[in-house]
Amino acid sequence: MATQDASLAADPMIGEESLGVTNGKIGMWTFLVMDAMTFAGLLAGYARLRWTPGSEWPLPIEAFGFTGIQLTALNTFILICSSVSMVHVLAEQMRGNMDRAKKWMLATIIGGLLFLGIQGFEWTHLILDMWPYLFDEGYEAAYSVNFAATFFILTGFHGLHVSVGVIYNVIIYLGLKSGKISKDDTSVVEIAGLYWHFVDLVWILVFTFVYLI
Amino acid sequence: MEIKAKGYLSPLSEEAKTSLWVYLKEWMCTTDAKRIGVLYLLFATFMALWGGLLSVIIRLELAQHGPDIITDASFYNALPGMHATAMIFFFIIPAFTGVANFVVPIQIGAPDMAFPKLNLAAFWILPPGALLTFAGFFMNSLPEFGWTAYPPLSNSVYTPIWGADFWVVGLILVGVSSTLGAVNFLATVFNMRCKGMKMFQLPLFTWAMTVTSFLILAATPVLTSALIMLTFERMFPGVFYFFNPAGGGDPILYQHLFWFYSHPAVYIMILPGFGMVSEVIQVFSRKHIFGYVLMVWSMIAIAVLGFLVWAHHMFATGIALNVRVGFMFLTMLIAVPTGIKIFSWLATIWGGSIKFDTPMLYATGFLAMFTIGGLSGVVVASVPVDIQLHDTYYVVAHIHYVLVAGSLMTAFAGVYFWFPKITGRFYNETLGKIHFWLTAIFINVTFFIQHWLGMKGMPRRYYDYDPAFEMANLISSVGSVVLFLAQFIFIANMLYSWRKGKVAEGNAWGDGFTLEWQITSPPDHHNFHHPPYWKPIIRQHVAADQPGGVWHRNGD
Ligand code: HEM
Ligand SMILES: [Cu+2]
């Protein structure tokens with residue numbers, strides 16, 4: 001007995017990290033499960049409204065006008081690139097190249113801002129030019145207004161996530177810059193990365209549903 | 001003012017010893033899960049009184065047929081929804097979260113929750129959420145769409161009032177609060193267990209909170225998504241028609257999303273109670289729980305099935321018959337794991353050397369009365385019967401047998417059980433027993449007769465009814481008033497005993513074997529002086545009268 005007690009006492013893991021990972025990581029994973037369920041609810045709403053008998057859903061190509069699917073495809077590419085640069089942040093941090101890590105972080109932030117900018121441009125175009133009935137009751141919608149409604153809810157909720165992500169990434173960047181996040185604090189960066197990759201992944205779903213199908 | 005207290009109750013700084021204000025500030029901004037737990041419990045108590053008051057007003061109005069105390073039918077219309085919202089979202093769920101905040105970290109041998117600051121934030125979202133939800137009372141614009149807020153009734157055409165918008169936003173906030181709590185509990189249970197404690201060594205209350213947290217994680221966001229869509233539909237009429245059929249929306253879509261949350265939510269409201277009862281019965285029967293592993297798996301089964309039965313609330317909406325039959329089958333299946341749990345509790349009591357202190361009275365009272373609620377559940381789960389009984393008082397009786405005789409009684413069992421641990425003092429046993437008997441008897445007086453009312457066809461949520469129902473309604477109303485008044489015995493008992501009760505030892509009941517009974521009452525900050533470890537045991541192989549795990553103080 002006594003020897004067993006002594007060996008247990010020497011174990012540094014007592015009291016926390018029963019699973020050998022940080023609390024933060026588990027926290028982020030569980031948070032993402034809940035976030036995924038929110039998107040699932042919105043997507044289920046979209047699916048129900050779209051595949052309802054007599055819903056007159058337009059072909060996305062026609063409904064988006066000149067910003068079209070091409071611009072959003074480019075935007076999707078930008079977001080995926082920013083996910084790749086996020087991976088580099090962690091990789092460089094693990095190698096101890098903090099300068100490079102900072103630069104990649106900056107690139108990630110710029111990617112996020114670009115995405116938001118392009119989305120803002122697209123929204124402006126759609127609201128002002130394509131869907132006049134949104135503001136002016138005189139105009140008839142050419143098709144089910146739910147096309148626009150689900151579009152705004154889904155892309156808007158995702159855009160909100162990107163905005164939060166950009167702020168989150170800026171905080172990480174400032175931490176890297178001031179040295180508060182050292183080369184050993186990889187889990188902090190890893191957790192931010194989880195969030196960012198999730199936002200990216202959800203976009204691919206939203207893009208597929210709203211623009212492509 | 002001088003504050004005499006010990007353990008986590010005592011002032012943290014020198015100033016707080018002399019100034020009540022500083023002491024209160026320490027409580028409001030604390031990150032100690034035990035203190036946050038107490039804050040939750042206080043908040044829940046206030047909300048219970050508030051919700052109880054509303055229900056008594058409803059019952060007084062219904063005591064006789066015809067308008068009596070409320071002259072404004074629309075005000076009456078709003079009351080049942082407000083009562084339900086208060087009780088479900090601001091009383092029961094926070095009360096369980098409160099007890100769990102106190103107990104779960106200690107039961108797994110952790111110094112605190114995984115994210116103490118998040119914990120505090122999750123609590124402080126609730127009071128503003130409650131203010132928003134009930135803002136209609138201050139603005140004379142109460143939503144009249146019940147606690148379910150079905151569109152199109154809840155859209156801006158039929159309910160064009162600000163009170164309804166605030167109500168929706170308030171509910172979104174509660175959802176955020178409880179999901180943050182769930183993230184915290186999961187991280188705590190998964191990652192902060194003391195050395196040697198495997199998942200299948202967890203005390204059953206901790207297991208219950210784990211399963212509940214999963215339910216919250218998967219269900220609550222779906223309600224949030226529905227409420228977001230509802231908000232947009234209300235704010236931008238003519239642009240968003242998610243649920244309004246006039247613009248191509250689908251009201252049944254809302255019901256699917258709502259019940260995809262709210263059916264699992266009924267288990268969010270009862271599983272923690274199951275956990276508490278499991279702890280109480282073990283200690284007061286002085287026996288280890290019968291079939292621990294089965295108890296855990298049945299909880300998981302209830303949780304999984306809970307996600308597959310939501311449409312039993314929609315039998316009367318005209319969804320396809322074969323869909324209804326499927327949901328009926330799955331709903332009835334839930335009675336199986338629930339039955340397993342009931343029999344495990346009975347088997348634990350069987351042959352035990354039983355002490356009938358108040359917590360045990362509540363636990364056994366719960367067993368008897370929850371069974372009635374479960375049985376009426378199986379009755380309404382049957383499609384043809386439900387078509388008749390849907391939205392009658394039968395459903396009201398069912399809800400209240402599971403929520404009042406179920407959740408409320410388990411919560412009392414838990415609060416009496418852990419009161420010596422929380423305050424370091426015993427409550428008054430005589431008052432506790434009086435409180436139990438009054439509560440148990442008048443729950444039945446109030447609600448049992450409602451089964452009959454429902455079967456005779458009295459609809460729920462109506463301002464007035466056929467004079468033929470008068471006698472039964474009067475009985476129910478008298479019962480509800482006594483039931484409400486009896487709760488002040490509880491409050492008086494708690495307030496008095498907190499300062500003056502008999503001092504409790506660490507292992508207050510003498511037979512507690514989980515970790516919280518191995519430390520002082522009340523516990524110190526950070527719970528343990530040395531990180532404890534749990535010596536693994538195989539539960540099934542322990543003889544019935546043996547204590548459970550073996551606890552060692554590390555380094556002694
Ligand atoms: C064997 C277990 C149970 C079964 C089979 C069951 C079945 C049902 C069914 C079929 C309904 C819908 C009745 C109708 O609207 O016509 C219902 C309503 C309800 N049940 Fe249960 N139930 C069970 C346990 C519970 C538990 C444990 C709780 C909560 C702790 C609960 C809370 C409720 C509530 C709140 C409603 C009313 C919702 C509303 O329409 O406002 N039930 N139950
Ligand atoms: Cu249900």
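Hi everyone. Let's start with the copper ion, ligand 2: its donor residues follow the sequence spacing H-x48-H-H. Before going on, this is a predicted model, where local features need pLDDT of at least 70, side-chain atom pairs count only at pLDDT 80 or more, and totals for chains, interfaces and linings use all residues. Residues are numbered from 1 along each chain as written, chains are lettered from A and ligands numbered from 1 in written order, and side-chain values use heavy atoms, without hydrogens and water.

So which atoms hold the copper ion? The protein donors are ND1 of H263(B), NE2 of H312(B) and NE2 of H313(B), at 1.8 to 2.0 Å. Donors here are N, O and S atoms within 2.8 Å of the metal (3.2 Å for Na, K and Ca); water is not among the atoms, so sites may look incomplete. H263(B) sits in helix α9 of chain B and H313(B) in the loop between α11 (292-306) and α12 (321-349), so the pair ties together parts 50 residues apart in sequence. Helices are DSSP runs of H or I, at least four residues, numbered from the N terminus. H263(B) counts as buried, at 4% relative accessibility (buried means under 20% relative accessible area, 1.4 Å probe, protein chains only).

Now to ligand 1, whose iron atom is 4.6 Å from the copper ion. Looking at side chains, an N or O atom of D386(B) is 2.4 Å from a ligand 1 oxygen, a polar atom of H398(B) is 2.8 Å from a ligand 1 nitrogen, and one of R460(B) is 3.0 Å from a ligand 1 oxygen. Thanks, friends!

Terms used: A polar contact is a pair of N or O atoms within 3.5 Å; within protein, one must be able to donate a hydrogen and the other to accept it, and residues adjacent in sequence count only if both atoms are side-chain atoms. Helices (H or I, at least four residues) and strands (E, at least two) are DSSP runs, numbered from the N terminus. Buried means under 20% relative accessible area, exposed over 50%, partly exposed in between (1.4 Å probe, protein chains only).
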